[in-house]
Amino acid sequence: MTRSTFLSNTPKQLLFLLSFLLLHCAPPVQRVKKGLQPAQLTTENLDNPIGIDVRVPRLSWISTSRERGASQSAYRILVASSGELLEKNQGDLWDSGKIASDQSLYIPYEGKILGSGDAVFWKVRLWDGQGEESDWSEPAQWSMGFLEPSDWKGEWIGLDREMGADKLDTTFTRMSARYLRKEVELPKQVKAATAHIAGLGLFELYINGKKISEAVLAPALAEYPKRAYYMSFDVTENLAQGRNALGVILGNGRYVGVRIDEIELYYDSSKLTHYGFPKMIAQLEVDYTDGSRETIVSDTSWKITAEGPILANNAFDGEEYDANKEMPGWNATGFKDADWLQAERVAPGPEILSAQMIPPIEVIGEVEPVSISEVEKDTFILDMGQNMVGWVKIRVEGKKGDTVSLRFAERLNPDGSLYLDPIRTAKVNDIYILKGEEEEVWEPRFTYHGFQYLEVVGYPEEPELDNFTGRVVHDALQPTGQFTTSNEMINQIYQNARWGIRGNYRSIPTDCPQRDERQAWLGDRATGSRGESYLFDNANFYTKWLQDIEDSQFDSGSLPDVAPTYWKVHTDNVTWPAAYIFIADMLHDQFGEDRGIHLHYDSMKKWMGYMREQYMKDFIIERDNYGDWGVPAEAPGLIHTEDASRKTSPGVLATSYYYHLLGIMEGFAEHLGKTGEAQEFSSLKEQVSQAFHEKFFDAEAKAYKNNTATTNVLALHFGLVPEEFTSQVFDNLVQVTMEDFNGHISVGLIGVQAIMRIFTDHGRPDIAYKLATNTTYPSWGYMVEQGATTVWELWNSDTADPFMNSWNHVMLLGDLLIWYYEDLAGIAPDPEATAFKKIFMKPTLTGDLKFVKASHDSPYGMIKSEWELLDGDFHWNISIPANTTATVYVPADSQEQVMESGVIAEKADGITYLRKEENRQLYRLGGGDYSFLVRNSPSSGSFNQ
């Protein structure tokens, strides 16, 4: 029936009724205000954080608008001590007044001095460039943690001794979980309540039988015994007037030594330290509706037992759980705990307790296994289809006492069994002992594994796929990026990188998740952290790691290669500790975060001085331990190359890095107003540059030292090559790559940090593209061709000695992800500003790429770049956040070729034409969405710069 037929056959009365209903009963139209509006309010980069210990918190927001070119000209912040006052627009703590500024990041709180435990509520309104006022934002809030050590009224409690089957021996640690409980009477109606707790090594908090928060493997790791992190939780809804039960389980984590004797490892350098037995300090602050407050603390009135179901837990070896020892109701009121022990005051924990101001580790997702096979009688192998990090949840039915053993590995032997050689001494074994009920569901609490394959032994009947679920576990960092292209190999490498990065976020950036290592090696993340920032909001994560590094510094100034120092490795390299300074620089560039510079400048300067005094001679440093770690080996079974022509000189590595660090430190000093120190860094930098060129440059060969690709990359990337020799040095890099190594990677961890950008910046993105899409050894694509779903530790991890074969590492990513986003997609921060306040958009068209689609959720909002070559035309859709500007490089020979939304681009709203550079037309864009079309765009073959 057509619309007109329906109307002609419908009685007038019914039409009237329908019209009335549509007019009066339909939901009101939501009117979206087009002007500038504030959104996504954060305090110290966190959403509504609880218990922060920054005395002067910084407030941020983004500006949103549906109009092109919208920008913020002023703001007003209201901060109140209650939500009710804020709703009435009464800023009793701080009313900033109208501040003329376009800044929306890290505005320092300037109100009344805040005390420990204070609850704070705030909102902001904006004015745009025309003086139009926005609505008030939705309210946000934060609360203060403990600002003074004396604010902690609780005691460290636990049992400082072995219990039952606990064993601290020379090789393996076996330590049961400690269970603690206390019942309390709350005599009045609860208005608000906050729990603060540091449980070492790991803890789970329960109130009245319910686990508090989604956090797992909490709290964050730290440099023990100097520092530990506590967490704070709003538990208002978990408490009630009357009887309440508090419960805590303590796991071992890295606090209870996992290996306490000399370890037979390649480094042969250290002992893993046993810091103490599981312990906790806790404090519950309860505010009643009548205005009074009660504080409940950890003390010897708590009860404790080591006789619970978690018989052993160990980060490397797994968790053993006996369901027959479960204690139903142990964390609820009325539980009979007469046979429990009294908790004891124990040796104090770390000297500093800091609020954890990074997102916790959580179960982020699930992976279902794709196949199951029986490799021998009653031994089954599951394939998860993805190399992942976390654990497996099982569903099982059987008899009381049946024991299910789970072991984990990344690869299989040719006979289909687990390939455990690369796991070294880690047992990676979870054990569950059944209690004999209809269906039992279990997953571990205090361990994790890196694996694709799972061995199941002792399952009471033939297991099925749906009996097992992989639980993906890592820090709950907000995703910030999407990326896809017309090249499926690039897409798969990107996904492999994403899985590897997320799996190695463990409150510290670990090297690997599977073997008896899992350490935060500084060298692995120097440049990688910048690439990661396009995928995840890692600002607070890496800000926290800077503190771990400083906490690990020796009084002499020496920095470790691993931080926290669970391995005691101080080799006094330049290249590995350099990450300390590189990452502070990354945080400033990518996020506008300069707290790392303010807090750690003195420590960084101390290290720079130490290295100069101890190892610099005639402005050259020859000190290096690791070389260009991971250079492709010339023979399949080698871990490291033995070919001297592939090795980069220690002096080249150390001196070039030190030179570059001097430039960063000069910038830090200027940022802090330390003009004299900036000049000192600058002067030394010039002397190092001159010495480097004189010592290492071969005037006849126009090459540095022995002409490795890494040598040339570092000299070019760090600006050590005099202008008159730049083209020859670059030609040497091309020669080495394209002829000596047949168009393949020839660098390791150090060289790979800049190689993609060097080729692109010097007009040969085609070589970078070849490296990015190769499928033969050595390459990222080779890993994919061999079945990799993450990134390997070595280019030849499929054939090298298993001792150094991790299939989930990120160090060889180098600058690949940076190249994906900044070059292929054309999304980069303009060097003239930080945090993408100004955006530089210059996509690289190269190879057989037909399209690239990318987005990055920057501190100012979402940036998108989606370009496509279609029938000789270039289509480019761009999104720029409000309150920012972008300089875009459109591939076109003339202005007339460039259309935007159907009109000549320079005449379009929000666009300013700048100039022509080679075969690009440059425009400045304000915030908004833009659609460019270039007829007969320069082809990728002629468009390489």
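Visitor: Which residue takes a positive phi in the hairpin of S46 and S47?

Guide: That residue is Glu918, with phi near 55°, and the hairpin has two residues between its strands. You are looking at a predicted model, in which local features need pLDDT of at least 70 and side-chain atom pairs count only at pLDDT 80 or more, while totals for chains, interfaces and linings use all residues. Residues are numbered from 1 along each chain as its sequence is written, and side-chain values use heavy atoms, leaving out hydrogens and water.

Visitor: What makes strands S46 and S47 partners?

Guide: Strands (DSSP runs of E, at least two residues, numbered from the N terminus) pair if DSSP finds at least two bridges between them. Strand S46 (residues 911–917) and strand S47 (residues 920–934) are joined by six bridges, so they pass that test. The two strands run antiparallel, and Glu917 stands opposite Arg920 in S47.

Visitor: Why are S1 and S6 called edge strands?

Guide: Look at the open sheet of three strands, ordered S1-S2-S6 with antiparallel pairing. Strand S1 (37–43) and strand S6 (107–108) each have a single partner strand, so one side of each is left without a neighbour in the sheet. S6 is joined to strand S2 (residues 58–64) by two bridges, and in S6 the bridge partner of Arg58 is Pro108.

Visitor: How do you know whether Tyr106 and Leu217 are buried or exposed?

Guide: We use the relative accessible area: buried means under 20%, exposed over 50%, and partly exposed in between (1.4 Å probe, protein chains only). Tyr106 has 12%, so it is buried. Leu217 has 10%, so it is buried as well.

Visitor: And how does Gly35 come out, buried or exposed?

Guide: Gly35 has 17% relative accessibility, so it counts as buried. It lies in the loop between helix H2 (12–25) and S1. Leaving aside residues up to four places away in sequence, Gly35 touches Thr64, Ser65 and Glu67, where contact means heavy atoms within 4.5 Å.

Visitor: What makes helix H14 largely enclosed by the rest of the structure?

Guide: Helices are DSSP runs of H or I with at least four residues. Seven of the nine residues of H14 (residues 765–773) are buried, so the helix is largely enclosed. Among those buried residues are Pro765, Ile767 and Tyr769. The buried residues of H14 pack against helices including H4 (488–503), H12 (726–740) and H16 (816–825).

Visitor: How is the packing of helices H8 and H9 described?

Guide: Two packed helices are described by the angle between their axes and the distance between the axes. For helix H8 (residues 595–615) and helix H9 (residues 650–671), the angle is about 145° and the axes are 11 Å apart. The axes are lines fitted to C-alpha atoms over the stretch in contact, and angles run from 0 to 180 degrees between N-to-C directions. Residues making this contact include Tyr601 and Trp607 of H8, and Tyr658 and Phe668 of H9.

Visitor: How is the pair of Trp819 and Tyr820 classed?

Guide: The centres of these rings are 6.2 Å apart and their planes are at 45°, so the pair is tilted. Trp819 and Tyr820 are both buried. They belong to a cluster linked by ring pairs, which also includes Phe483, Tyr494 and Phe836.

Visitor: What kind of peptide bond joins Tyr777 and Pro778?

Guide: A cis peptide bond joins them, with omega about -10°. Pro778 lies in the loop between H14 and H15. Leu200 and Gly201 are also joined by a cis bond, again with omega about -10°.

Key: Phe/Tyr/Trp six-rings, centres within 6.5 Å; stacked < 30°, edge-to-face > 60°.
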